[in-house]
Amino acid sequence: MKNKLKIYLVLLMVASTLASCDKELSALPDNEKVDANVIIDQATAQIALNGVYYSFANATQANTGWQDHQVKPGMLAGYLAYGFSVFPEEENKNATLTSLFWDESYILLNSANGFLKGINGLADNKFSGNRKKEMIAEARFLRAYAHFRLLTFYGEWYKPESPFGVLLRTELSALGNIQKARSTVKESYDLILSDLDDVIANGPAANPNHYVSKWAGMALKLRVLTNRGLSTDHASVISLADNLIQNGPYQLEPNAQDIFRKNGLASKEVILGVKPQAAQEMAGISKSRDYLPGGSFLFAASPALRNLLANDPRQTWVVGELNSRSNRESYFFTKYITAGMAPSVVSETDYALRLTETYLLKAEAIVRSGGNLAEARTALHEVQARAGITASANSAAYLAVENAQTPQAMLMEVYKETVKSLVGEDGMEWMALLRLPFETVKTLKPTIVNQTQYILPVPRTEFLYNPVFGLQNPGYTAN
């Protein structure tokens, strides 16, 4: 992906209408670019919205482009590795990762803003029922997702008072508005949450044609509030999680392995996921093949992940045999595919939001708010049970949660279960690590010696094309 000014001027991607269920993108549109002015009624607005989803999937005609969402945060957190040598992110040498998620996020922002410009210019009577509000809510969700991703990788999200927030984009980029200063962290959170509140209020409860529903808005808001971590946020997380768990149409998968090996997006616990392109599972295109010998890459499980899963039933299907193709110690990462399996639609699927995360964030909020540890324990056991970890099995992991009698000990159990459950999905193992006390972070990931390593440097091209942007992130130089 070229890091050029034209990236920020890319016009809204649109194409043929999708036929999909509420959790998946069954057929991605062609990569066409048209002016937002072509949105003249509900049908053309639908086509344009499909293009925004195309950007969300970071897709080409060959495949969806979410592997970095799976791999890079896992490397930063220390649980995934490159099978042949050491990638810089494994040692938290972040200066080499400048445009990792920057370009992708701003393409999505421009697509969403182009769509919003077009649809907001149409009269309400051009739409049936509440469809206009629903479509706007879907686009605002995707805008919130992009801004939040930028904040967590390029802004001091862990310092609510920091001036190092996101370069917020709420308009279709043009020569007249390309130069803009970055916002503060508070301003960034405020805009993201405003978008998500609209999703929760106006998003469809059931959406047979698109990814996003009001429930996805709730799930993403849980992430945002958990990371912001204000004293008032914890109660909101608990309340929102209870609403989603009790009233949403989702259920935890009885056997966690079935999500990744059998059911994919058909699982009742998947809130938001990306279905692969039709030819993606073929040899040479497959993402999941890159976790096994024979692929163009070999992304592997680190010793830290194998050790974390010791005496855990998930070790047998998440971590495979020792990788003998390298002098460094690593193991095949078999969460999505294992030896002898052919790539499939299920193995190629990407997961953005699952109900498991809701239970884990609720447990974390209970602990951080000074709540009853027994309630946090219950939430953790609900997740563990789906992995075969129960009292009757006399599991060491179950007993560790039972024996966690202090907030600090329980918070560590929540963290460990978050890694075990969500590693290699959408970066939640990385965020969970960084929410721990800094001294704990340094112990768990010794290559992190300064909080400046929590985020990446802003790409150099931003300063070239946008001289009013502001300062580079602390710990990095603008050149």
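**Charged pairs**

Guide: A network of salt bridges links Arg140, Arg143, Asp195 and Asp198. A salt bridge is a side-chain nitrogen of Lys or Arg within 4 Å of a carboxyl oxygen of Asp or Glu. The model is predicted, and local features need pLDDT of at least 70, side-chain atom pairs count only at pLDDT 80 or more, while totals for chains, interfaces and linings use all residues. Residues are numbered from 1 along each chain as its sequence is written, and side-chain values use heavy atoms, with hydrogens and water left out.

Visitor: How many salt bridges does a search of the whole structure find?

Guide: The search finds 29. In one of them, glutamate 89 pairs with lysine 72, and the closest N and O atoms are 2.7 Å apart. Glutamate 89 sits in the loop between β3 and α4 (102–120) and lysine 72 in helix α3, so the pair ties together parts that are 17 residues apart in sequence. Helices (H or I, at least four residues) and strands (E, at least two) are DSSP runs numbered from the N terminus.

Visitor: Are glutamate 89 and lysine 72 buried or exposed?

Guide: Both are buried. Buried means under 20% relative accessible area, exposed over 50%, and partly exposed in between (1.4 Å probe, protein chains only). Another bridge joins arginine 131 and glutamate 138, at 3.0 Å from N to O. Arginine 131 counts as buried because its relative accessibility is 10%, and glutamate 138 because its value is 0%.

Visitor: Where do glutamate 413 and lysine 416 lie?

Guide: Both are in helix α15 (residues 407–422), three residues apart, which is about one turn of the helix. Glutamate 413 is buried at 12%, whereas lysine 416, at 24%, is partly exposed.

Visitor: How many residues of α3 are buried?

Guide: Of its 11 residues, 10 are buried, so α3 is mostly covered. Among them are His69, Lys72, Met75 and Ala77. The cover includes β3, α4, α5, β5 (299–301), β8 (350–354) and α16 (428–434). Just after α3, glycine 78 takes a positive phi of about 100°.

Visitor: Which residues touch the most other members of the largest nonpolar core?

Guide: A nonpolar core is a set of buried Ala, Val, Leu, Ile, Met, Phe, Trp, Tyr and Cys residues joined through side-chain atoms within 4.5 Å. Here the largest has 140 residues, and Phe56, Phe115, Phe141 and Leu305 touch the most other members. Helix α5 (residues 131–154) gives this core its largest share, 13 residues. Contact means heavy atoms within 4.5 Å. Setting aside neighbours within four places in sequence, the contacts of phenylalanine 141 include Leu196, Val212, Leu272 and Leu353.

Visitor: What is isoleucine 245 in contact with, leaving aside its neighbours within four places in sequence?

Guide: Its contacts are Leu355, Thr358, Tyr359 and Lys362. Isoleucine 245 belongs to helix α8 (residues 233–247) and is buried at 19%.

Visitor: How is empty space found?

Guide: Rolling a probe the size of a water molecule over the atoms shows where empty space is left. On a 1 Å grid over the protein atoms alone, a pocket is an open set of points where a 1.4 Å probe fits, with protein on both sides within 12 Å along at least five of seven lines; lining residues have an atom within 4 Å of a point. The second largest pocket holds about 230 Å³ of space. Its lining has 16 residues, and Ala77, Gly78, Glu90, Ala304 and Lys445 are the closest to its centre. α3 (67–77) and β3 (80–82) each supply at least two lining residues.

Conventions
Grid points are joined across faces, edges and corners, and a volume is the space filled by probe spheres set on the points.
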